[in-house]
Amino acid sequence: MSGTKKLFGYDKASNWRRAASPRSRLGLALAELLVSMTIFSLVVGLCFYAASAGFRIFAHTTSRQSLQREARAIFAWLQRDMGLSNLVRCRTNERTVDGQRRDAVAVVGLNSWQTPVATDPLGLPAWDRVVIYVATRDSPGLLLRQLYAPNSALIPLTTGDVQSILNEGLAGTTSPSDQRRLSGSVRSFQVSLSEERNQAIFDLILEDDTVDGGGGQARKEVLQIQTTVRPHNTWPRL
């Protein structure tokens with residue numbers, strides 16, 4: 001047989017030429033490229049979404065843990081100062097900012113609890129200092145712990161002395177001997193004193209701005225905690 005060899009009516013040479021033609025090979029490579037690009041885009045999109053979600057979760061968790069650490073530190077100070085105080089002589093100032101409470105509380109204390117403890121004629125500790133916890137009017141507010149050690153003419157401090165020190169401290173007419181910033185994320189700080197139950201109730205709301213994944217919009221992380229403190233030195237009630 002001459003020319004192209006055929007087997008059972010099948011032209012092997014012409015079929016090979018069609019398979020090896022440049023147009024056929026180019027079309028197949030373009031299709032593969034498009035499919036590869038599509039798959040790659042999907043994979044990159046999924047990876048980006050997973051990474052973004054992970055960053056959001058990490059930011060929210062970090063923010064909440066930070067607020068929890070602040071709250072624990074605040075209540076540790078309150079438990080120590082209020083637990084050793086006399087509830088009858090403590091005084092509060094109720095303040096409201098944009099519908100949120102930003103109270104202040106003045107807590108009487110003693111400079112030294114070493115034995116023998118200095119006492120007044122009634123046998124009560126001779127209170128000689130005042131600690132004020134106050135939430136400022138900023139947005140968000142600061143929670144400050146201010147220590148006032150008045151002159152010896154006021155010792156032992158009476159209820160009227162404590163109220164005067166609280167008023168002067170809030171007005172800024174007297175400066176504390178020591179001041180600590182306990183938090184810069186206060187939305188609300190509410191104090192309630194109950195002499196009948198001999199307890200002080202503190203409601204604290206802290207907030208922090210985090211970034212949500214939805215278009216990078218800001219989202220607030222909020223932590224609300226309530227605690228009760230029972231002073232050990234409220235006797236007798238006067």
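I began with Q146, which sits in strand 8. The model I am reading is predicted.

**Entry: Q146.** Is Q146 buried or exposed? Its relative accessibility is 9%, and the cut-off for buried is under 20%, so I logged Q146 as buried. Next I looked for a polar partner. The side chain of Q146 makes a polar contact of 3.2 Å with the side chain of Y148. Then I listed contacts, skipping residues up to four places away in sequence. Q146 touches V130, V131, I132, V134, P176, D178 and Q179.

**Entry: L144.** I stayed in strand 8, residues 141-148, and moved to L144. L144 has 10% relative accessibility, so it counts as buried. With neighbours within four places left out, L144 is in contact with I132, Y133, V134, T136, Q179, R180 and R181. I checked one of these, V134, by C-alpha distance. L144 and V134 are 5.4 Å apart in space and 10 residues apart in sequence.

**Entry: strand 6.** How many of the 6 residues of strand 6 are buried? I found 6 of the 6 buried across residues 104-109, so strand 6 is largely enclosed by the rest of the structure. In a regular strand, side chains alternate between the two faces of the sheet. I therefore sorted strand 6 by side, because both faces turned out to be covered. A104, A106 and V108 are buried on one side. V105, V107 and G109 are buried on the other.

I then looked up the strands that pair with strand 6. Strand 3, residues 91-93, runs antiparallel to strand 6 and is joined to it by 3 bridges. There, T92 stands opposite V105. Strand 7, residues 129-135, is also antiparallel to strand 6, with 6 bridges between them. Here V108 stands opposite V130.

**Entry: aromatic pairs.** I counted 2 aromatic pairs. The ring centres of W113 and W127 are 6.0 Å apart and their planes are at 65 degrees, so I noted this pair as edge-to-face. Both W113 and W127 lie in the loop between strand 6 and strand 7, so the pair ties together parts 14 residues apart in sequence. W113 is partly exposed, at 33% relative accessibility. W127 is buried, with a relative accessible area of 0%.

F189 and F202 form a stacked pair, with 6.2 Å centre to centre and 20 degrees between the planes. F189 is in strand 9, residues 178-194, and F202 is in strand 10, residues 199-211. The two are 13 residues apart, and the pair links distant parts of the chain. F189 is buried at 1% relative accessibility. F202 is buried too, at 0%.

Notes
Residues numbered from 1 in each chain as written. Predicted model: local features only at pLDDT ≥ 70, side-chain atom pairs only at ≥ 80, totals over all residues. Heavy atoms only, no water. Helix = DSSP H or I, 4+ residues; strand = E, 2+ residues; numbered from the N terminus. Buried < 20%, exposed > 50% of the residue type's maximum accessible area, 1.4 Å probe, protein only. Contact = heavy atoms within 4.5 Å. Polar contact = N/O pair within 3.5 Å; in protein donor to acceptor, adjacent residues only side chain to side chain. Pairing = 2+ DSSP bridges. Phe/Tyr/Trp six-rings, centres within 6.5 Å; stacked < 30°, edge-to-face > 60°.
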